[in-house]
Amino acid sequence: MYEPEPYDLLTEEFFNDQFGYVRGAYLDHAGAALYPRGLVVAVSDDLLCGNLYRNPHSSANAANILNDIRLRILQFFNTNQENYSVIFTSGATEAMKIVADSFNYSGNFIDVDGNLRESGTRGELVYLQQNHTSVLGMRNVDNIKRHNVPVRSVSQEHVNESIVRRYTHQREQAFDVLTRTQLLVQERREMREIYYRGNSLFVYPAQCNFSGYKYPMLWVNQVQTG
């Protein structure tokens, strides 16, 4: 019979001090992390000291605090406000729904006359088979259904094989997670326009909240560069 190894003394003391209120086994940490006792005490002390956090739209102090938090989050990911925006949501499900429902699958381009035009071809929603359950809900958002956006899943093996083909210089079989939706440029001289295929959205978890497996972040650049 398997017997797990005991925690070291420091870990056990920390757990008893911060999470001593837990009785039994807690199996939903990935979905809703436990709150440590120190966090509850710190928040309570801060509020009871007279700090009033009002609507940031009507309070300069609250707005400054919120902006500082956004900046710290961006710094944690080694980026800045010029490249990314931080949007707070109720959780992963709402965040993914916002992305799927606001993503421009057709894409825009500027024609030779300088006019902003919409691409005539739709991209795809492509997701890894091992994914957060909320990703499946992205398939049914209004933006996907209204524009008849193609949806398909790919396996981890498929993604890895695509990377191998890319690094072995098999250019005719370049990174093809989004093969059917890679950027296609076709100049039609008689119409003096350049046509682009639409944008595609590839969704995969940084870490599986079931198995704990961490997927490589280099996939992001590989998909973007084709």
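Predicted model: local features only at pLDDT ≥ 70, side-chain atom pairs only at ≥ 80, totals over all residues.
Local features were taken at pLDDT of at least 70 and side-chain atom pairs at pLDDT 80 or more, whereas totals for chains, interfaces and linings use all residues. Residues are numbered from 1 along each chain as its sequence is written, and side-chain values use heavy atoms, without hydrogens and water.

The chain contains eight helices and seven strands (DSSP runs, H or I of at least four residues and E of at least two, numbered from the N terminus). Of its 226 residues, 25% are buried (under 20% relative accessible area, with exposed over 50% and partly exposed in between; 1.4 Å probe, protein chains only).

Three salt bridges were counted (a side-chain nitrogen of Lys or Arg within 4 Å of a carboxyl oxygen of Asp or Glu). Arg152 pairs with Glu124 at 3.2 Å, N to O. Because Arg152 lies in strand β4 and Glu124 in the loop between β2 and β3, the pair ties together parts 28 residues apart in sequence. Arg152 is buried at 18% relative accessible area, as is Glu124 at 4%. Within helix α4, Lys97 and Asp101 are four residues apart and form a salt bridge at 3.7 Å. Lys97 is partly exposed at 46%, and Asp101 is partly exposed at 29%.
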